[in-house]
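Hi,

Here is the structure I promised to pass on. Have a look at it first, and my notes on what turned up follow below.

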Amino acid sequence: MEELPERRCDVLIIGGGIAGLWCAYNAAPKGEVVVLNKGSFEEANTFWAQGGMAAALAPSDAPEKHFADTVTAGAGLCDEDAVWVLVTEAPKQVLALWQIGVPFDTDDGHLVLTIEGAHSVERIAHAYGDATGRAVMETLPKAVEERGVKLYEHTAALKLIEHNGECVGAIAVKDGRAEIWRAKAVVLATGGSGQLFAVTTNPQGATGEGIALAFEVGAEVADMEFVQFHPTALAVGEVPRPLISEAMRGEGAILLNVKGERFMLKYHPRAELAPRDVVARAIFTEMQETGMPYVWLDISHKGEDFVRERFPNIYRACLERGFNIGREPVPVAPAAHYHMGGIRTDLWGRTSVKRLYAIGECACTGLHGANRLASNSLTEGLVFGFRVAQVLDEWLQSELPPLPPEVPQVAVKQPDLQLLKQVQQTMSELVGVVRWKEGLEKAVARLSELGKGARGICAYWVTTAWLIARAALERTESRGTHFRKDFPQRDDENWSVHIVWRGQKSPVWQQEPKFRKEPVQRMERGTRDRGQERI
């Protein structure tokens with residue numbers, strides 16, 4: 001095979017959503033920064049985000065309240081140091097994003113804040129009513145480019161390059177041509193894994209290979225079993241499913257089964273504003289009991305004028321599909337939405353591999369525990385994207401690291417979408433909202449068989465899916481988004497731990513990786529900033 005062309009930079013960021021771009025924006029003064037994005041910036045998960053960003057910005061709010069809500073939603077599995085970093089640093093980062101031009105909704109010059117499920121106060125800053133992600137992605141790439149960062153769209157990472165225990169770059173492909181990107185530091189911000197399921201709110205590019213890329217060069221991954229299913233995706237045949245934002249329930253929308261009965265009060269005292277995992281399972285249960293593939297979401301009592309003004313994009317999207325959400329209920333059902341698990345990092349985005357960082361949805365700091373609190377995802381991208389930019393100096397003062405004597409070979413070919421479809425069917429059928437031992441064993445076996453014929457990026461899809469299914473099989477309890485009908489109770493005595501998988505070069509279907517159970521990190525009350533470095 002001919003030698004691949006080589007390109008160089010100081011910081012290579014793989015992924016162009018809010019986490020990668022905010023890291024790039026803040027790292028730009030430190031050296032030459034390059035961002036590779038698999039699709040266009042409009043195809044990033046961030047672009048699709050509706051609700052907004054959670055931050056304690058209101059006079060009635062405080063980081064302690066945001067902390068309490070996040071930990072409660074996380075079902076006993078949040079690493080509290082990570083939560084404290086998020087809630088204390090979020091206000092500054094959201095305001096910084098506003099300052100560079102993101103058009104947050106305001107009233108008389110003040111941010112308009114709303115409430116969503118499992119939040120105790122109004123703390124969600126939003127833009128365009130219900131299209132916060134679009135507002136971010138219309139603003140941030142331009143701001144990043146103005147700082148001298150080079151942005152490359154439609155450029156997919158095929159493999160990370162490891163040498164002497166360090167990540168020294170990546171092989172990427174654009175227009176069918178592969179090349180080496182050599183860097184002093186590599187940051188993975190590759191987003192989510194929703195497209196590993198047949199029904200998802202995630203765009204086509206969210207296939208989870210960033211986790212497998214890191215795993216292959218030895219990075220640890222954790223909490224892989226915890227996949228959040230958004231309760232209220234519009235129940236139509238298309239994928240990705242149009243999302244009906246949590247904010248709509250925050251504004252008074254109610255859930256009805258097909259008999260017209262409001263049902264959430266029998267599942268949780270906060271009814272429609274219960275944590276997402278509770279609402280998703282309640283909807284799933286009602287669907288099972290009625291035999292219908294949806295329930296109804298109704299906000300028509302608020303009036304069409306209110307709905308059209310507060311949720312203009314959702315209103316328009318529903319109208320295009322034959323539903324006037326301002327006058328009638330619409331059919332909704334759960335869909336794979338967010339992955340709490342990912343590449344294990346410390347509070348500064350460092351992975352277990354030198355020179356390699358991870359941020360955003362592909363990372364796992366332990367922040368979200370077993371269930372992410374609504375609108376903490378964009379905020380996480382901001383906070384930890386900024387944090388990684390602050391510590392890159394640990395590598396940027398040194399020389400560019402050498403490549404290995406033999407750079408790994410890669411196969412540049414079209415992904416096998418039929419294989420992806422088989423992965424999606426397996427995951428939705430056997431690793432969905434409700435799980436059980438025999439189903440998970442079947443999923444692991446089926447994925448192992450699919451992996452034997454997978455090559456390149458397709459093998460990464462199977463690896464990430466396998467790790468989700470295998471971790472779900474290992475956790476013999478129900479907690480947060482992980483529900484086992486054969487182990488329906490939460491088991492704090494045995495399972496207040498993260499399952500951390502050790503990265504390895506050999507495929508998981510050839511050699512099962514080793515794992516350990518890592519205790520959840522708690523903070524002593526009154527010393528919440530214990531051990532936290534200050535920026």
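The side chains of R516 and E518 form a salt bridge, 2.8 Å from N to O (I call it a salt bridge when a side-chain nitrogen of Lys or Arg is within 4 Å of a carboxyl oxygen of Asp or Glu). R516 is partly exposed at 35% relative accessibility, while E518 counts as buried at 16% (buried is under 20% relative accessible area, exposed over 50%, partly exposed in between, with a 1.4 Å probe and protein chains only). Elsewhere, salt bridges with shared partners tie E225, R475, E477, R479, R490 and D492 into one network. The total by this rule is 42 salt bridges.

Before you go further: this is a predicted model, so local features need pLDDT of at least 70 and side-chain atom pairs count only at pLDDT 80 or more, whereas totals for chains, interfaces and linings use all residues. Residues are numbered from 1 along each chain as its sequence is written, and side-chain values use heavy atoms, with hydrogens and water left out.

E304 is worth a click, as it has two salt bridges to look at. One goes to R308, with the closest N and O atoms 3.5 Å apart. R308 and E304 are four residues apart in helix α9 (residues 304-310), so about one helical turn separates them (helices are DSSP runs of H or I with at least four residues, strands are runs of E with at least two, and both are numbered from the N terminus). The other goes to R327, at 2.6 Å between the closest N and O atoms. That pair links distant parts of the chain, with E304 in α9 and R327 23 residues away in the loop between α10 (312-320) and β16. E304 is buried at 16% relative accessibility, R308 is partly exposed at 35%, and R327 is exposed at 63%.

What about E361, which is buried yet has no salt bridge? The nearest side chain of opposite charge, R372, is 6.8 Å away (Lys and Arg count as positive, Asp and Glu as negative, and His and the chain ends are not counted). The E361 side chain does reach the backbone nitrogen of H339, at 2.9 Å (a polar contact is a pair of N or O atoms within 3.5 Å; within protein, one must be able to donate a hydrogen and the other to accept it, and residues adjacent in sequence count only if both atoms are side-chain atoms). E361 sits in the loop between β18 (356-358) and β19 (363-364). Leaving out residues up to four places away in sequence, E361 touches several others, among them N45, S193, H337 and Y338 (contact means heavy atoms within 4.5 Å).

Now the sheets. Five strands make an open, mixed sheet in the order β19-β17-β12-β20-β21 (strands pair if DSSP finds at least two bridges between them). β19 and β21 (515-519) are at the edges with a single partner strand each, so one side of each has no neighbour in the sheet. Within this sheet, β12 (221-222) and β20 (497-501) pair antiparallel over two bridges, and A222 has V500 as its bridge partner.

Seven of the eight residues of α6 are buried, including I211, L213 and F215. After α6 comes G218, with a positive phi near 105 degrees.

A second open sheet has four antiparallel strands in the order β13-β16-β15-β14. Its edge strands are β13 (227-234) and β14 (254-256), each pairing on one side only. Three bridges join β15 (295-298) to β16 (330-339), and W296 is the bridge partner of P331.

V239 and P240 are joined by a cis peptide bond, omega about 0 degrees, and P240 is in the loop between β13 and α7 (246-250). A118 has a positive phi near 75 degrees and is buried at 8%; A271 has a positive phi near 50 degrees and is buried at 4%.

Cheers
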